[in-house]
Amino acid sequence: MSDVTRKLCLVTSLLGVNMLVTVVPALSHHSFAMYDQTTTKTMTGKLTRYVPGANHAQLLFVVVDNDGKVVMKDGKPLQWGVETGSAAAMSRLGVSPDTFPEGTFFTTRLYPLRDGRNFGALAGMLIACGTAMPKGGCTVETGKRLVGEGFNAQ
C-alpha cells in the first residue's frame, strides 16, 4: 500500500470516528421543541405503566375524574403519557417502580405534544395520591407533592 493510500485511509477512518462521536449522542437525546411549552394541561390519572429510562422516564396512565372513574373517549379509556426526568432523578424524588406502582393515582401538569397525540413533558407538578382516589380528587391538599413548580423535565 502506498504512502498516499495509507494517509487517505487514516483520514477516512478519523472522519468516520468523528462522525460517530458527534452523531450518536445527538440521536440518544431529543429536543423539547416537539412539546408546546406555551400551553400546559393539568391531568389526573391512574398509572398503567412506569417506563424507566436513562435520559427520561415515562408515566403512562388512564385519565380519571375527581371520583377516580376512568374518562372514556370513543368508547375506550382515555390514555395519556408524560415524560419526566431520568429514572435516577425521579427515584430521588420518590418516583420509582417500587414507590409509584401501577394503579397509583396522581395529578401532573404537562406540556402537550404539538402534533396533538396524547403525550406530554412534565411541566413542574407531580402529586401522588396512592392507590385509592381521595375524596375531592388528587390535589396538593389530598396528596403528596413529589415534584414542585420549579422542576424542569429537561
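Hi everyone. Helices (H or I, at least four residues) and strands (E, at least two) are DSSP runs here, numbered from the N terminus. With that in hand, Val147 sits in strand S8, residues 144-147.

A word on the model: it is predicted, so local features need pLDDT of at least 70 and side-chain atom pairs count only at pLDDT 80 or more, while totals for chains, interfaces and linings use all residues. Residues are numbered from 1 along each chain as its sequence is written, and side-chain values use heavy atoms, with hydrogens and water left out.

Back to Val147. Its relative accessible area is 1%, which makes it buried; buried means under 20%, exposed over 50%, and partly exposed in between, with a 1.4 Å probe and protein chains only. Beyond its neighbours within four places in sequence, Val147 has contacts including Met90, Leu93 and Leu126, a contact being heavy atoms within 4.5 Å. Gly124 is 23 residues away in sequence, yet the two C-alpha atoms are 6.4 Å apart.

Now, the cores. A nonpolar core is a set of buried Ala, Val, Leu, Ile, Met, Phe, Trp, Tyr and Cys residues joined through side-chain atoms within 4.5 Å. The largest one has 21 residues, and Tyr50, Leu59, Val95, Phe100 and Leu126 touch the most other members. Among the elements supplying at least two residues each are helix H2 (87-92), strand S7 (119-128) and S8. Apart from this core lies another, of seven residues, including Phe105 and Met125.

Asp115 is partly exposed at 49%, and Arg117 is exposed at 51%.
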